[in-house]
Amino acid sequence: MRKVSAVVLASAMVLSHASAEAADTTTIDEMHHSGLTTGSMTQNPQSHMFDGIALTEQQRQQMRDLMQQARHDRPAISIDDVAAMHDLVTADKFNEAAIREKAEKIAQVQIEQHVEMARVQNQMYHLLTPAQQATLQENYQQRLNELRELSNLQPTSSLQAVSNTSSK
């Protein structure tokens, strides 16, 4: 089950990357709708990093420029790797070693993508005034508290329950 989840995650990342590549320009306001910060707050608390921050037009332009450059610098997951993973998953015989190797290759590219996005977000953060940085920190703390509350409220999924009972 864990391996299938990894394949699904890898496929989703490729699709989000492809949608980002399709966009000609990306503004800070459009980040949530492109593939650059795909996911809800529960998946990536940083995806809404600049929500609620009043930016000057100069800051917006600088952030647009950073996002534009990041889109060109970001490493891409190979469609061939995704296709190979699909072939491995649907093969007659399960080949764990080959799947593990392909998943690690895809994961390494995803790590590089996350590092690149964090670098850009760091540069964007440093474009903010101290007051904007304080607002961003307050917003972050609020979202973090919301996520903590959500994680405490979420019941164990039926798949986890089945997995836990079958492993005993």
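Leaving aside neighbours within four places in sequence, Lys102 is in contact with Asp81, Ala84, Met85 and Leu88, where contact means heavy atoms within 4.5 Å. Lys102 has its place in helix α4; helices here are DSSP runs (H or I, at least four residues) numbered from the N terminus. At 18% relative accessibility, Lys102 counts as buried, because buried means under 20% relative accessible area, with exposed over 50% and partly exposed in between (1.4 Å probe, protein chains only).

The model is predicted, and local features need pLDDT of at least 70, side-chain atom pairs count only at pLDDT 80 or more, and totals for chains, interfaces and linings use all residues. Residues are numbered from 1 along each chain as its sequence is written, and side-chain values use heavy atoms, with hydrogens and water left out.

Two packed helices are described by the angle between their axes and the distance between the axes. Helix α3 (residues 79-89) packs with helix α4 (residues 96-125) at an angle of about 155°, and their axes are 10 Å apart; the axes are lines fitted to C-alpha atoms over the stretch in contact, and angles run from 0 to 180 degrees between N-to-C directions. That makes α3 roughly antiparallel to α4, since angles over 145 degrees count as roughly antiparallel, under 35 as roughly parallel, 65 to 115 as roughly perpendicular and the rest as oblique. The crossing of α3 past α4 is left-handed, that is, the near helix is turned anticlockwise from the far one by less than a right angle, whereas clockwise would be right-handed. From α3, Asp81, Val82, Ala84, Met85 and Leu88 make the contact, and from α4, Ala98, Ile99, Lys102, Ala103, Lys105 and Ile106. These residues divide into eight nonpolar, no polar and three charged (Ala, Val, Leu, Ile, Met, Phe, Trp, Tyr, Cys and Pro count as nonpolar, Asp, Glu, Lys and Arg as charged, and the others, Gly among them, as polar).

Helix α4 also packs with α2, at an angle of about 165° and with axes 10 Å apart. The two are therefore roughly antiparallel to each other, and α2 passes α4 in a right-handed crossing. Met63, Leu66, Met67, Ala70 and Asp73 of α2 meet Glu116, Met117, Arg119, Val120, Gln123 and Met124 of α4. By class, this contact has seven nonpolar, one polar and three charged residues.

In helix α5, the buried residues are Gln132, Gln133, Leu136, Asn139, Arg143, Leu144 and Leu147, and they pack against α2 (57-73) and α4.
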